[in-house]
Amino acid sequence: MSSSPNINKLLKFLSHPLTIGAGIIAGFIIGLYSKESAAAIAPIGKMYLSFLNMCILPIIITSIISGLAKLIRTPELGKKLPKIASSFTIMLFIPSLAGVLAASVGKPGKGLSEADMDALGRMVSEQSGASEQGAGGMVDFLVGIVPWNLFDSLSKGQTMSIVFACIFIGIAAGYAKNGAIDDMIALVDTMGEVFNILFNWALYLLPIGICAVIAEQMAGLSLSVFRIMFGFITLIYLAMVLLVMAYAVAIWRSAAVTFGQTLKAMRQPLFLAFTVDSSFIAIKSCLDSLEDELGVDRKIAALIVPFTMVANRQGKIFLFSFTTMFMAQLYGIDLTFSHYAVIIIGASLAGMAAPGGGPMLVPSIAVILSAVNIPIALAYVIFTITGPVVDRVLSTFTVQGSCLLATLAGSKGPSSTGTKEK
């Protein structure tokens, strides 16, 4: 029995923000100054992320199926659907517009020296094997969204296809008249709770896992070219901070809490998304904070949060419009009104469900670059260099956007959690 307090102390120590911060710092140091050590502990990071993803996909599936089924069986659904749909659509274009504005004001692609341009050119030549493919990325997305075989999609981790299938399964479950449907929904909830417990256990190992993950990422980073992209990265971080704070204000105005409570509620989900570099990893924390601290109906949040993290990736949308503007500035392309329209609309559609990160994003952004007559090869260089640094703040913004959408649709009103600041 005496070991129980010791175990509790150990778990509290491992979950403390300072311990997690120490793991992050250690990861940076190992990656930058001991690449051999980073390679040695890289499997630990991969195993840790694999375990988290093993828990997250079932949580997404059970949340959408159960949440949508319960929503349909709830009378007020008809009143909320128009608001959910309109909010979702509007928020597709906010980060795209913000990306264009940030690049237009900051001009990160202007003023580079000839030496800097030569360094980027050498990296482009090294990427010569990456062909100018991917112009059909948006078409591939639209065609591939419907799973040919659900079990095959599950085995390959094709999240958008899985979410698409879960939406229709949830709708069918909501309209089913079989008397046992409530038992089925309860079983789905139970399965989700099991994986929530596993996920919470995994978070105790976050300092170790995040150290290994960051060390591997930093080991592959070219510091000389990183200096060239410093303005690009700095502007992205500045824009993300401003947008996250703007969304926090919108959450505060929609929820029946004070602004301080809003910041407190979003602290853990945002911190988790930033440290682990995954919006999906923060889903459980988002649902808990939205329900417990912001008074959002969990049934609505359980549907909106997982779905919008897949189909309304605010960070990727911003990145696509900002990067397109950056590359247009590098190549000295004079953009017309129609070009701006293509960037804004294209980034919103291509970025809403763009898979992966780093150079894996190139096929998704290629359709926009081709429409504006920008060579694609440099995009591989940009995303490879900046991916390890900016992806995590983009994931953080996506989490904030998902929580805002859930708050707009599912806030229970002033009676649920207290009173708002006057």
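This is a predicted model: local features need pLDDT of at least 70, side-chain atom pairs count only at pLDDT 80 or more; totals for chains, interfaces and linings use all residues.
User: How are two packed helices described, and at what angle do H16 and H18 pack?

Analyst: Two packed helices are described by the angle between their axes and by the distance between those axes. Here H16 spans residues 314–330 and H18 spans residues 362–371. They pack at about 50°, with axes 10 Å apart. H16 and H18 are therefore oblique to each other. Their crossing is right-handed.

User: Which residues of H16 and H18 meet?

Analyst: From H16 come Phe320, Thr323, Thr324 and Met327. From H18 come Ser364, Ile365, Ile368 and Leu369. The contact divides into five nonpolar residues, three polar and no charged.

User: Now the rings. How many aromatic pairs does the count come to?

Analyst: Rings pair if their centres lie within 6.5 Å. The count comes to five aromatic pairs. Take Tyr247 and Phe397: their ring centres are 5.1 Å apart and their planes stand at 35°, so the pair is tilted. Tyr247 sits in H12 (residues 230–254) and Phe397 in H19 (residues 377–410).

User: Are Tyr247 and Phe397 buried or exposed?

Analyst: Tyr247 counts as buried at 5% relative accessibility. Phe397 also counts as buried, at 0%.

User: What are the planes doing in the pair of Trp252 and Phe259?

Analyst: Planes over 60 degrees apart count as edge-to-face. Trp252 and Phe259 have planes at 70° and centres 5.6 Å apart, so the pair is edge-to-face. Trp252 is buried, with a relative accessible area of 17%. Phe259 is partly exposed, at 22%.

User: Which residues do ring pairs link into a cluster?

Analyst: Phe232, Phe318, Phe322 and Phe326.

Technical notes: Residues are numbered from 1 along each chain as its sequence is written. Side-chain values use heavy atoms; hydrogens and water are left out. Axes are lines fitted to C-alpha atoms, for helices over the stretch in contact, and angles run from 0 to 180 degrees between N-to-C directions. Helices (H or I, at least four residues) and strands (E, at least two) are DSSP runs, numbered from the N terminus. Angles under 35 degrees count as roughly parallel, over 145 as roughly antiparallel, 65 to 115 as roughly perpendicular and the rest as oblique. A crossing is left-handed if the near helix is turned anticlockwise from the far one by less than a right angle, and right-handed if clockwise. Contact means heavy atoms within 4.5 Å. Ala, Val, Leu, Ile, Met, Phe, Trp, Tyr, Cys and Pro count as nonpolar, Asp, Glu, Lys and Arg as charged, and the others, Gly among them, as polar. Rings of Phe, Tyr and Trp (its six-membered ring) pair if their centres lie within 6.5 Å; planes under 30 degrees apart count as stacked, over 60 as edge-to-face and the rest as tilted. Buried means under 20% relative accessible area, exposed over 50%, partly exposed in between (1.4 Å probe, protein chains only).
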